[in-house]
Amino acid sequence: MTKEEKYALANRVIDHALESGAQQVKVIINHNQSNNISIREEKIENLEQSIERGMRIYLFVDNKYSVHSTNRLDNRRELNKFISEAIESTKYLAEDEYRSLPEPGLYYKGNGPDLKTCDNGFKSIDPQQKIYSAFAVEKEVLGQDERIISVTASYDDGMSDTVMVTSNGFEGDRSNTYYSLSASVSVKEGDARPGDYWYDSSVFYNQLEKKGIGKKALERALKKLGQGKIESANMPMIIENRLAGQSLAPLVQALNGSAIQQKNSFLIDMLGEKVGSDKLDLVDDPFIISGRGSGLFDNEGLALKKRTVFEKGVLKSYYIDTYYGKKLGMDPTSGITTNLVLKPGDRNLEEMIASLDKGILVTGFNGGNANGSTGDFSYGIDGFLIKKGKIVKPVSEMNITGNMLKLFKNLAEVGNDVYKDAAWRSPSLLFNNVSFSGL
Amino acid sequence: MNFNRRNFLITSGAAMAGTIIIPPFLESCSSQKISPDVKNYLEHFQMTTDILGKIISGAMSKGGDYADLFFEHRISNNISLQDGKVNSAGSNIDYGVGIRVLKGDQTGFAYSESMDTESMLDAAKMAASIASVRGAFNNDIFSEKVPSDYYSIKTTWEDVSVKDKVPFVQNINDKIFSLDEKVIKVNAFLSDETSYVLFYNSDGRLSYDYRPLASFGAVCIMQKGKQIENSYSARSYRKGFEWLSEELVDEIAKEAVDRTNLLFEATKPKAGEMPVILGAGGSGILLHEAIGHAFEADFNRKKTSIFSDKMGKRVAENFINIIDDGTLINNRGSLNIDDEGNDVKKTYMVKDGVLNSYIHDRISSQYYNVEPTGNGRRQSYQYIPQPRMRSTYMEPGPHTKEEILAEVDYGVYVDNFSNGQVKIGAGDFTFFVKSGYLVEKGKLTEPIKDINIVGNGPQALSDISMAADDYKTDNGTWMCGKGGQSVPVTMGLPTVLVKKLTVGGINT
C-alpha cells in the first residue's frame, strides 16, 4: 500500500464511522516489514521474513470510547461491518465526559525538520550481504576459546510506515528503519554455562558497525566465568551505560498522567519539588537527528517539544495526554517519552571504577520489579565486584533492594559515556549506599 | 471443540469483533475424503485441499525436509473500568497463515495475511529458500488428525455482546468498594479471545482447533493516611461466557482487597540467604523459572542449558515429581493440538527426583529421537514454534504445611508473585514477591512485600527438602515470554521448603 492509498483508506474509514454514528474518529494504519537471519554452527539457523499491515480505529461515540484493530483491510464490505458493529457495541459502555480527540490547535502542523529516522535504501540492500554480515559476526568468535559451547549471530532489520488521520484535522505520517547485528555467546567451566551478548544498531545501513560484535560478546561471556554471590552489604553501585536507562523506568512511569490520576505513582503533587540529587538532569528531546525516539508528533498527533524533566533533581514536567490532562485539570504535554537524555558528567566508566574503594559494577539485570505507588524496588543483578579501584571478581545471583526516591537522592555521579543506541540515553551511573543481598 | 458451523458465520449486531469473514463457499475439486469438521475450517479460511497442496508444494520446492502451514484467525475483545464506570472497550482481529520450512535443524519462515493463492505462494517461496536444492514435491496426502477436547464450552464469546459483559466488571468494582473503606480506586477488566486454527504439513497431517481464552480481574488501590498501596487478582481459563458468575466476582474482589490490605503493615526482611517456604499455588513460578525454561529442549540441544547433561540423573529428592501438562481441562495453558499439529501430553520432567524428560518441539524431538511432547507453541501465525511450557506443576509431597513451618527458625513464606526471569546457562533465576510473611521460630509473623528472590536452578531443585500435601493450581493471567514471543501458561505447587535462596532486603 502506498502512502496515498493509506491516507485514502484512513479517510474512507473515518467517513464511514462518522456516517455510522461516531462523532470523532482517529485512524492509524501501520505497515511493517522485518527480516531476521540467525546463524549457528556456520549454518543459517533461522531465516524469517515478516510483512504486516494493520489498522487501529479510535471511536468516540455519544461520549463513549473504544479502540479496535484489524489486519483485514482489503474487503471494504467486511471492514465497514467491523466498524459499524464496533460503534454499536460502544453504545453499551458508560459515558466518559473526558474522552475526546485533542484540541486541533495542539496538533503538529507539518513542515518540521527531517529527523533522519528512515533509510530510504531499505529495500535495495542485497539479502546476501545481510547473511554474510551475520556469518562474519559468528566467525569472529568460532575457535577463539575452547570454553565456547554455543554462538548465535543475528542480523535484524525492519521498516515501519505509519499514517495517522483524525476527524478533527490531523494528518501525519512517519517512517522508521532499523538495522542490528548481534552475537550471543555461551561458555562453560564446570556446570555453569554463563552467556552474554553484544550488538550494534543503527537507523541507516551504512552506519551499522559490522566488526567487533562477536569478539565483544565472547569477552563479556568469558569474564563471567567463576561468578558467584558475595556477602550482603550496603555499597556503592555503578550501572553500566547500556543498562542505566532501565534504572530510570520506574521514575519515568511515575510521571505518567495515568499513573498520577490512578494513584499509582510515588511522584504525585511533586512538581517543583526536589526528588533526586543535583546530578539528576534529564531532558526529553524529540529532535535528535536519527535518535531512536525522535519524532515530530506523538500518538495523538500533538506537536512534540523539547522539555526538561528533571533539573538538578527538581521535577519539572509530567507526561500528560489529552484524556488524563482533562481528568487532572492539567494541560496536555504529550503522554509519551521521546529521547531521554541524562546530562553527562566528566569521567568515563574506567575512571569511575578507579574512584571506588569497594562497590559493584552492574552489567546485567535479572528480573525484579518496582511498586508503582511507593517506589519500592528489588531487582536481580549480576556484574563485578570492585575493590580498591579494580575489578576483582564476577558476581551473580544477587539482588539490589530499596526505594527509587532514595536511590536517586544517592545518585553521586553521571559518567561521560552516553549510550546512543537507545531512545533512553544514559551514561554509566554511580549510586551511593545501595543495599545488595547475596550470602 | 466440534462447533456448529453456524456459530462462526453468525454475527450478532452486538458482538464486537464477531466473526465477519465471509466465506465464498468454495468446493474442493479434490477427491479427498474430508470430514465435516475439517471442511468447516477449510471454508473458514477460504481454503480447499487443492490450494493447501499447492502451497505446501511451493514451500517444499527448494528441497526442504518438511513444511507446515498454520492458519489462524483470532478475535479478541476487552472491556475495562476506571473511576467507577465500565468506560473503555477494545477489539482486535488477527488473521493469517504462517509457512515454515525445515531443512535439518534450519528454519525458513514467512507468513501471509492475505488468503489469495499468489500471496501465500510468495511467502512459501521465501520460507523455502532455507534450502537450496531444486526439488519437486507433489502433495496429495490428507490425513486427518482429530484434536483432543480439553476445553469444550457452552456459550462462545462470539455470541456475547458488550452489554452482557458490562455488569460483571461493574460488579467487581462495587464489590471491592463495599469490602473496605480504604479503597480509593479500582481498575477492572474482562478480556476474551477466540482462535480458529487450521494446520497442514508436508506429511499430510491435517488438523484444527478452536481455542477460547478469557481473563477477568481487578487492581485494588487503597489509601491509609498518606500511604497508598495496590494489589491485583485475576483468573483466566479456556472457558466460555458461562464461566462468569457472582461467586467468581466475589472471589476475585476479596482476594484483591485481602492482598492490598496486607501491604500496609508489611516490612522488608533481612537481606541474604535464608530458608524460603513457597506457599501452595502461585509459587509454581519457582518451577517455571528455576527448572521449566532450562528443560526446554532447544536450550539443551544447543548445550546452553545448565541441565544439558543431566538427563537420567538425580536432580531432586525422591518424593519430587515435576510435570508440564497441556491436557488439564479448561486450563489456560492447555491445547487440543500443539502449534505443530502434535498430540499434547502430560510430561514428567522430573520423576521420583530424576530428570526424566525435556519438553520438545518438532526439531528437538527429532534431534533427541523421542516422541513429541506437544510443547511446540507460537504466539501467533506470525512466529515460528519453540518448545514452550503449558501448565507446570509439582505433585503433592509427603509432608504437611505445619511440619514445614516447624522446620524454619528464621526465613520467609511467600505466596503472591508478579513476575520472574531466568538466565538459562548460568541457571540464575529470580521471582518478584508482591507479598508474604516473615517466618520466625516456626510461625508466620510480620507481612513482607516487594522483594526479589534469586537462586540457582539445579541448586534450588536439590534444596527442596520438603513438599506438602496441599497442592494448588494458580489460574491467574500468567504470560510466559521467550525469544520475543508470549504464550499463556499456568503453574502450581504444594507448599514446599527450599533450604536457602537469596532474599532481597535490608542490611542492618
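Start with the two domains of chain B: 38 residues of domain 1 are in contact with 27 residues of domain 2 (contact: C-beta atoms, placed from the backbone, within 7 Å). This is a predicted model, where local features need pLDDT of at least 70 and side-chain atom pairs count only at pLDDT 80 or more, while totals for chains, interfaces and linings use all residues. Residues are numbered from 1 along each chain as its sequence is written, with chains lettered from A and ligands numbered from 1 in written order.

To colour the domains, select 5-262 of chain B for domain 1 and 272-503 for domain 2; such bounds come from an automatic or database domain assignment. Their C-alpha centres lie 26 Å apart. On the domain 1 side of the contact, the elements giving two or more residues include β1 (66-82), β5 (183-201) and α6 (246-264) of chain B. Helices (H or I, at least four residues) and strands (E, at least two) are DSSP runs, numbered from the N terminus.

Now show chain B whole. You'll find 11 helices and 23 strands there. Its radius of gyration is 24 Å, close to the 23 Å that the globule rule gives for 508 residues, so chain B is as compact as a globular protein of that length (the radius is taken over C-alpha atoms; the rule is 2.2 Å times the number of residues to the power 0.38).

Next, bring in chain A. How many residues of chain B are in contact with chain A? The count is 77, against 65 residues of chain A. The largest share of chain B's side, 12 residues, comes from its strand β2 (residues 85-103).

While both chains are up, pick strand β2 (residues 43-61) of chain A and strand β3 (residues 106-112) of chain B: they run parallel, joined by 4 bridges (strands pair if DSSP finds at least two bridges between them). Click Leu47(A), whose bridge partner in β3(B) is Gly108(B).

Last stop: the largest nonpolar core, with 116 residues. A core is a set of buried Ala, Val, Leu, Ile, Met, Phe, Trp, Tyr and Cys residues joined through C-beta atoms within 7 Å; buried means 20 or more other C-beta atoms, placed from the backbone, within 10 Å of a residue's own. Those with the most contacts inside this core are Met237(A), Ile360(A), Val276(B), Leu287(B) and Val412(B). Strand β16 (residues 428-440) of chain B gives the most to it, 7 residues. Zoom in on Val412(B): beyond its neighbours within four places in sequence, its contacts include Pro269(B), Val276(B), Leu438(B) and Val503(B).

Technical notes:
Buried ≥ 20, exposed ≤ 12 C-beta atoms within 10 Å, placed from the backbone.
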